[in-house]
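Good morning, everyone. Please bring up the model on your screens, and we will walk through it together.

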Amino acid sequence: MLKNHLRLAWRNLSKRKGYSALNILGLTIGITCFLLIFHYVAYERSYDAFQQDAGRIVRLRLDQYQDGKLAWKSATSFTAIAPAMKKEYPEVADYCRLIDAEMLLTNQERNVKSSELKGYFADASVIPFFDLHFVAGNPATALDGPYKMLLSASMAKKYFGNEPALGKRLKGLYNGSTESFEVTGVFKDYPANSHLILNHLVSFSSLTQIRREQGDSSNSSNLSWGWYDFYIYLQLKPGTSYKALEAKLPAFCDRHMNNDDWHKKNNVRQELHLIPLSDIHLYSNYNQEAEVNGNGKAVDFLFLIAFLIIAIAWINYTNLATARSLERAKEVGLRKVLGAIRTDLVLQFLTESLLLNTIAAILAISLAWILAPSFDTLIGSDAGSFMLPPAYLLGFAGIFFLGSFLSGLYPAFVLSGYHPITVLKGLFKNSARGQILRKVLIIGQFAVSVILITGTILVYQQVQYMRRQQLGVDIDRTLIVEGPASPQDSVYKNVFQPFKTTLLQQPGIRSITASTNVMGQEIYWTNGIQPLGKDSRPELTLYILGIDYDFIPAYSLRLVAGRNFSPQFSTDDKGALINETAARMIGYPKPADALGQKLVRGRDTLHIVGVTADYHHQGLQKAIDPMLFLYGPNVRSYYSIKFNSADLHGAIAAIKRSWDSHFPNDPFNYFFLDESFNQQYKADTRFGEVFGLFATIAILIACFGLLGLSAYNVLQRTKEIGIRKVLGASSQSLVVLLSRDFAALVLFSLVIAVPLTWWVMHNWLQDFAYRIDIQWWTFALGGLAALFIALTTVGIQAAKAAMNNPVKSLRSE
């Protein structure tokens, strides 16, 4: 029986080649898009899932409230929290602490040196926590004791070539201290689908020892309740609910963090929260994240788009199959007269649906495999070649068979339900119920299309708005060089000044300035300050930027009151510049009111010498922070070199020669500031591009359905068109007649799409501190675009029918 159904299904599809091709094309495109998005979503949701105990590992998050208002949320927290929680909560099996171990590493024997930014000081528990697979060394003892280091396989090859790295030493410059680290282990390169990049790991006791050598005897790296730059991971015992543990944390915070005089005096409250390891990549975007994480909202939205697109393709099939019911009515009538029962007919039509969908699926899988690398490039993913994990493969199979079944079910019941006597007498016509269903499905298709088109326009507008806004600072034609780590503070000035003088003698170089951060970077250096003599007022957290004398003029940063730092004023080492936001938050109504005022910062008292205009230190997704500028003679994290030379390569070569001459022990690493700053908009730009791509595909698939429906509509009204032409109807009036029903459906879809689009995009825009207002004309433009495309599709068929000779039309009847 199945063989017979398949043979008949193939014969019917072959007989109606145009109809079959249109359906297969629409389904192939829809399933291909679904598979590509499924592939991307599967990869994004696979982050950290490779770890054996990923379901039991959580990370702490620290939130701080001041005067009852949220001040910040940080992915890092206090180092003392971890041992305290293990001691007080039996649910905590173990903990692991990480803190950045950025350092200049050197192998003097091979003359290899490089600034390594992707490493951490870590507890020994990091090895089982993050499933590090050793290729050399003993995991049980590799991080026991100070000055022990683990390298990834790639790092070991970089510094030692093909020689064994185990037991050898690397010189590391960290925070001004040069230490010798023993390589006690080499682990396989860490997977890319992790929220952490682990290239090297240093024993946690190394940090304690280095700080002790630098004069810190407080053991702050182990027991600090004030230093919150540590990533804290907890491993929970089997069966423990992290939500149940999180519910106990307010009491923990009150015991250890919120009950001292400083918190009470400044009306500061701190909270701890837990986030599962597998959620960090998509749902953790707080201060001091280890890496730039993904966007869970964007991934979820693309996942929804995947279902909408494949649904549009299946709606097309249902529409076209029911619309062509008249064509197959006599076939059904004859088969029923010859003894066919309804169940056999339903199975026959479902077999046709499954066969057609299977052909489309085979073509779609082939296309997805071919297009996956290009799609990954477009979306900025590292998912690699097309492959679905078993769970997603089963999910796709279930969705595919369910969609194929449902899309074929209604046409099967419609076609199998015809009464043979009515059909064979020629009294049959399409039911009003079937026509209503087709109209509803068309409205649904175009409502989705309008949502995607309008959403694309709004995403584009928001990205362009952010790019075109004045930053309040000049970042053009600026080369950023990562500052040298090797010179000691005592000799730094004697090295930097000759380097600066040499560069300024180069044609095309306008200025050079040093700072602790540059625009586009998150500032981690913060301090609490309060006006002198106002001890009763709570401290205000300011974001600190260390600069030299040339920073303000080099970046064309406007002063709205006071002056810049200057060597003419010997007291500027205790001077301060603040921005307008900080001035307002401290309580100065006008910028000039802040001049000469004193601020208490820890044990220091600063006097305000100037107020800068607000500027966007980071992208417009974030609000402007209250900032404090401090002069530092030894500031050197980054050098900003302003140039106007047309010979860019020549200028860079000249800078490198001077660098190698003055800083021979430091690598020359650089980037362009405008390119780096605009990277902040890259994810939103790509989201807009992907949004636009799928909007185009969705309306293309919808138009396939319209094309088939309009062609069939014209076929059904051939006699009517001929009579109207004979009676004097013009071609233009016939085109309008045949198109207006479809136009009404598209306009009705706009009524549904507008409120949905506004709700979705309004919520999306809330993630931006500076955002556009949604204008009415955006919806009008999206609706007109959908209407134009639909009318063009229908109009082509209508125009062809209107131009036909009416005699031929009437003869065909």
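One definition to begin. Buried means under 20% relative accessible area, exposed means over 50%, and partly exposed is in between, with a 1.4 Å probe and protein chains only. With that, take Gln-288: it is buried, with a relative accessible area of 7%. Gln-288 sits in the loop between helix H11 (280–283) and helix H12 (296–323). Its phi is positive, about 60 degrees, although Gln-288 is not a glycine.

Now the ground rules. This is a predicted model, where local features need pLDDT of at least 70, side-chain atom pairs count only at pLDDT 80 or more, and totals for chains, interfaces and linings use all residues. Residues are numbered from 1 along each chain as its sequence is written, and side-chain values use heavy atoms, with hydrogens and water left out.

pLDDT is the predictor's confidence in each residue, from 0 to 100. The protein averages 85, and 88% of the residues score at least 70. Helices (H or I, at least four residues) and strands (E, at least two) are DSSP runs, numbered from the N terminus. Among these elements, strand S8 (residues 148–152) has the highest mean pLDDT, 97. Helix H16 (residues 420–424) has the lowest, 53.

Stay at S8. Tyr-147 is in the loop between strand S7 (134–137) and S8. Tyr-147 has a positive phi too, near 65 degrees, and is not a glycine. Is Tyr-147 buried or exposed? Buried, with a relative accessible area of 16%.

Next, helix H5 (residues 153–160). Which residues of H5 are buried? Met-155, Ala-156, Tyr-159 and Phe-160. They cover an arc of only 105 degrees around the axis, which puts them on the same side of H5. The arc is that of the directions from the helix axis to the C-beta atoms. The buried residues of H5 pack against several strands, including S8 and strand S10 (177–187). Contact here means heavy atoms within 4.5 Å. Just after H5, Gly-161 takes a positive phi of about 65 degrees.

Last stop: Leu-750, in helix H25 (residues 731–765). Leu-750 touches Val-450, Phe-779 and Gly-783, not counting residues up to four places away in sequence. Leu-750 and Val-450 are 300 residues apart along the chain, yet their C-alpha atoms are separated by 6.7 Å.
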